[in-house]
Amino acid sequence: MGKKLSYILTFIVMFLFWILLSAWQLYPDTPGKFDVIHISQGIAAAALTTYLSRRVIFDLSKKWYVKFLRAIPYVAWELWQIVLANLDVAYRALHPKMPLDPVVVEFETPLRSDLALTFMANSITLTPGTITIMVEPEKGKFVVHAIDRKLAKPLVVDQTMQKKLAYVFMEGQHDSSA
Amino acid sequence: MLFSMLKPHMEITDVFLAVGILITISILMTMYRVIKGPTTLDRVMATSVIGTKVVVLLVVIGYLFERPIFVDIPLTYAMLNFVGTLIVAKYIERGELWKPYT
Amino acid sequence: MEALHIISAIFMFAGCFFMITGAIGIIRFPDFYTRLHAAGKCDTLGEVLIILGFMIYQGLSFLTIKLFFLSFFILLANPVGTHALIKAAYVTGVKMWRREENG
């Protein structure tokens with residue numbers, strides 16, 4: 001039942017997105033037509049995309065609504081980190097002496113699933129001063145390049161991001177009973 | 001306000017024109033790295049950056065010519081630029097894109 | 001110019017500032033990995049801010065949602081491209097610049 005429901009939900013979302021982009025006629029002056037030819041093209045396009053991305057978007061595994069609700073404050077924190085990252089790079093680029101001290105660090109995380117590792121790699125790339133180089137899915141090991149030794153400290157020593165993601169995806173050591 | 005000191009009556013199209021000129025200046029500055037970059041990956045990275053800036057420039061041009069519905073074309077070009085960067089990076093990393101059929 | 005236009009102009013000029021700073025960083029930094037830091041991060045936020053300025057100028061209409069999807073796509077796609085490039089550089093063996101001890 002889980003697989004069929006995820007197919008149908010993905011198809012509905014893709015079809016609504018197609019209607020939004022091509023056939024929406026809310027006001028009289030929006031460019032879009034709502035007749036049979038366009039709707040059948042929309043159904044074909046949505047069906048093909050649904051087949052190609054079957055289990056990526058709506059993975060109705062255990063307790064996905066809890067993960068979705070916990071992800072929203074995490075995304076808000078993430079957007080604030082993007083602004084901080086850009087201010088930091090602007091400071092380093094415009095300073096006349098250019099203080100840089102690049103270093104490569106490695107660390108391990110308790111995350112194992114695909115989606116959690118992808119979130120973590122993207123978040124590391126958007127945080128001030130770090131870019132992910134390599135990820136090892138079996139042991140959750142990350143190899144990270146940092147632009148300054150002091151900026152690698154919140155990742156390796158404090159581990160703020162690992163704790164936040166383990167809370168969102170429920171894969172930490174404390175509540176992996178899902 | 002600061003804007004009223006520059007011209008007696010400043011329109012929003014002047015802001016669009018200023019933004020377009022600033023983006024073109026930053027594209028020309030990045031071209032320096034395309035020409036000079038010692039490794040190939042320098043040039044690939046600068047091309048990806050220029051691709052993103054061109055997307056923004058196309059949206060600005062669409063607004064300057066009073067046809068903002070032009071935004072479909074930058075959306076397509078953003079996807080093409082992304083896929084192109086991924087393909088070149090994969091080729092440099094592995095030496096081939098897929099195993100040859102023997 | 002009304003208040004909405006002034007807010008939109010502030011966002012656009014902030015985005016332009018980040019883009020120009022990113023271009024200065026790409027020229028000045030000494031090494032491929034550090035240049036990729038400047039390119040991947042400044043580019044993404046500058047672009048999102050400029051398109052956010054356009055969304056505020058347009059108001060609530062059919063075009064705003066298309067612009068939102070454009071900026072959302074770039075926000076997700078640029079870090080993936082950055083990670084692919086830095087992995088290719090690390091595996092191929094591009095030299096890394098370290099700060100010397102007498103600097």
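The model is predicted.

**Chain A**

Start with the overall make-up. Chain A contains 6 helices and 3 strands. Along the sequence, their order is α-α-α-β-α-β-β-α-α. Chain A has 178 residues, and 24% of them count as buried. Now take the contacts in chain A with a separation of 6 or more: 64% of these join residues 24 or more positions apart.

**Helix α4 of chain A**

Helix α4(A) runs over residues 114-126, which makes 13 residues. From its first C-alpha to its last, α4(A) reaches 19 Å. That is close to the 18 Å expected at 1.5 Å a residue. Which residues of α4(A) are buried? They are A116(A), L117(A), F119(A), M120(A), A121(A), S123(A), I124(A), T125(A) and L126(A).

**Where chain C touches chain B**

Chain C gives 37 residues to this contact, and chain B gives 37 residues. On the side of chain C, the elements that give two or more residues are α1 (3-28), α2 (32-58) and α3 (62-92). Helix α3(C) supplies the largest share, 16 residues. What classes of residue make up the side of chain C that touches chain B? The table gives the breakdown.

| Class on the side of chain C that touches chain B | Count |
|---|---|
| Nonpolar | 28 residues |
| Polar | 4 residues |

Definitions and conventions: Residues numbered from 1 in each chain as written. Chains lettered and ligands numbered in written order. Predicted model: local features only at pLDDT ≥ 70, side-chain atom pairs only at ≥ 80, totals over all residues. Contact = placed C-beta atoms within 7 Å. Helix = DSSP H or I, 4+ residues; strand = E, 2+ residues; numbered from the N terminus. Nonpolar A, V, L, I, M, F, W, Y, C, P; charged D, E, K, R; others polar. Expected span 1.5 Å × (residues − 1). Buried ≥ 20, exposed ≤ 12 C-beta atoms within 10 Å, placed from the backbone.
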